[in-house]
Amino acid sequence: MNRLLYPLIFTFILLLRGVGYCQPADAVYANSQTNDNPNAGISSSSVTNPQNALTNTISNTTDASFKKPNSKFTTLKATALSTVTGSASAWIQLAFVSSPTDVAVPANTTVYVKSTTTAAGLLGLVGGAGLTFTAYASNTGNASPVALAGTPKIYYTADGNIYFAVKPTSNFKSIRITLAAGAVLGDGSVDIFYAFYGPNQSNDTNPFPFSIADCGLPNVTSTAFSGITVGSVAIVNPGNSIDTDVSTGSAYNSVGANIAGHMIQTFHFNGNSNSGDAVRVVFSKGSALANIDVGKAVTIQAYSGGNSVGKLRLLSSLLDADLLGLLTTGNTAITSYFAPKDDSNAPVIFDRVILDFDLGLLGISLNGNGLNVFDVRRVPDAPTTSDVTACTNVGTINLAATTIQNSIAGIGNFTYTWYNAVRQGTLLGTLVGQIPFVATGLTTVGTKQYYVDITKSGCTVPSGRTRVTVNTVNPPIVPPIALVP
């Protein structure tokens with residue numbers, strides 16, 4: 001499974017036309033820049049408003065839009081004007097200048113740069129074309145380049161932007177971002193907002209700090225592919241699977257008769273999970289699969305950093321019989337719950353999950369949309385309950401439910417919601433805290449099912465539901481007492 005892991009200790013983020021999330025409170029931003037406007041004859045290259053990519057150097061310090069993250073940006077533009085061999089480029093070199101000693105940023109420090117998805121394809125271009133990142137041990141110039149650990153990783157955000165992640169292997173002071181001429185369609189430009197790193201960050205693939213009370217949406221998602229030998233594949237709009245809109249999602253598409261290979265999407269959460277967290281996945285099969293059960297070809301695995309934790313599960317194994325039927329008869333969105341647990345069925349701590357769509361397990365060639373993932377988020381695991389017995393002469397009984405997360409400080413109370421069906425159904429009662437739900441009308445012998453889920457305080461998405469069966473019986477017949485004179 002090492003092919004799925006992308007540990008990145010230094011991350012550099014390029015923000016393109018977008019304002020996003022709150023960076024760590026101790027974030028360090030690039031505060032110095034140099035740039036190049038070559039304007040060579042075969043291309044039109046420029047760097048516009050380079051100061052906008054900096055912090056602490058803006059003259060209008062009262063302008064809130066210059067606070068980081070902000071809506072100000074610098075633009076690299078490099079548009080080829082002819083087919084003459086060769087090209088010019090535009091670049092900006094952003095430095096982390098520490099006064100007064102000008103100390104270098106340590107190797108393996110996490111730093112981030114944010115960009116829109118339109119720039120995602122530029123990173124894969126080779127031969128001098130595309131968007132490149134170079135680290136230097138100096139604040140300016142191209143002396144003493146620092147080697148990078150592999151190709152930068154791309155992380156997608158819910159607002160339609162991306163993060164380019166770069167890992168310098170030695171101490172450094174600056175990063176140069178270079179846009180080659182002719183690499184970008186349209187006006188040939190890329191907008192850069194800022195670069196920053198979090199000196200005390202523990203989650204090296206996530207630019208945002210952890211809050212124990214967060215409501216479970218991943219901050220970023222990333223994609224990867226392996227073993228694709230025929231045709232081409234793409235995960236379109238991956239950020240749509242981590243926003244709050246369950247009507248749009250990421251689409252796992254294929255062009256050509258792919259009969260093998262893996263399409264992989266990783267969901268990076270806001271720090272470590274709480275003990276007893278589960279993952280809700282809302283998905284549907286795509287139009288290319290007809291009556292094929294897509295769930296048999298998708299696995300879900302939890303990770304803590306670069307290590308897998310808990311058991312690998314098939315997506316179809318998380319569904320009951322009714323939902324399994326929907327996988328073969330229609331394209332209805334299906335909600336499943338994955339609670340990562342070890343071999344002893346104890347919950348594990350994780351900071352990401354990976355969906356692996358194995359095309360070879362479908363049994364058919366995929367040519368079109370094979371899978372849609374609408375929403376992935378952490379929720380509490382379904383609460384624990386026990387079946388109970390009631391007597392017809394009483395007609396009522398208290399139903400209790402609990403969660404192991406009640407003992408975790410900082411989470412707050414849970415709301416327990418009771419229904420008469422495993423999905424949808426009639427709302428029977430909503431209780432804050434572990435207050436028993438009183439089931440009434442139990443005056444006839446038989447069985448009756450109740451279902452309960454829990455929602456974390458301040459959040460809106462509940463856990464999966466747990467069933468409680470009430471067996472209603474007649475009261476025992478008390479034998480007469482024989483009186484002995």
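1. Residues are numbered from 1 along each chain as its sequence is written, and side-chain values use heavy atoms, with hydrogens and water left out.

2. Confidence is given as pLDDT (the predictor's confidence in each residue, from 0 to 100). Its mean for the protein is 81, and 80% of the residues reach 70 or more. Residues 57–61 stay under 50, and the model has 4 contacts for them beyond four places in sequence; a contact means heavy atoms within 4.5 Å. Residues 82–86 also stay under 50, with 4 contacts beyond four places in sequence. Where pLDDT is low, the predicted coordinates should not be read in detail.

3. An open sheet is formed by 5 strands in the order β15-β16-β23-β18-β21, with antiparallel pairing. β15 (232–236) and β21 (334–338) stand at the edges with a single partner strand each, so one side of each has no neighbour in the sheet. Strands (E, at least two residues) are DSSP runs, numbered from the N terminus, and two of them pair if DSSP finds at least two bridges between them.

4. Within this sheet, β18 (residues 277–285) and β23 (residues 369–380) run antiparallel and are joined by 9 bridges. S284 stands opposite N372 in β23.

5. The largest pocket has a volume of about 920 Å³. Of the 29 residues that line the pocket, T335, S336, Y337, G464 and R465 are the closest to its centre. On a 1 Å grid over the protein atoms alone, a pocket is an open set of points with protein on both sides within 12 Å along at least five of seven lines, a cavity is a set where a 1.4 Å probe fits but cannot get out, and lining residues have an atom within 4 Å of a point. A volume is the space filled by probe spheres set on the points, which are joined across faces, edges and corners.

6. β18, β21, β29 (446–456) and β30 (466–473) each supply at least two residues of this pocket's lining. The largest share, 5 residues, comes from β21.

7. The count comes to 1 cavity of 30 Å³ or more. The largest cavity has a volume of about 80 Å³. Its lining includes D214, C215, N274, D277 and R378, and the largest share, 3 residues, comes from β23.

Terms used
Helices (H or I, at least four residues) and strands (E, at least two) are DSSP runs, numbered from the N terminus.
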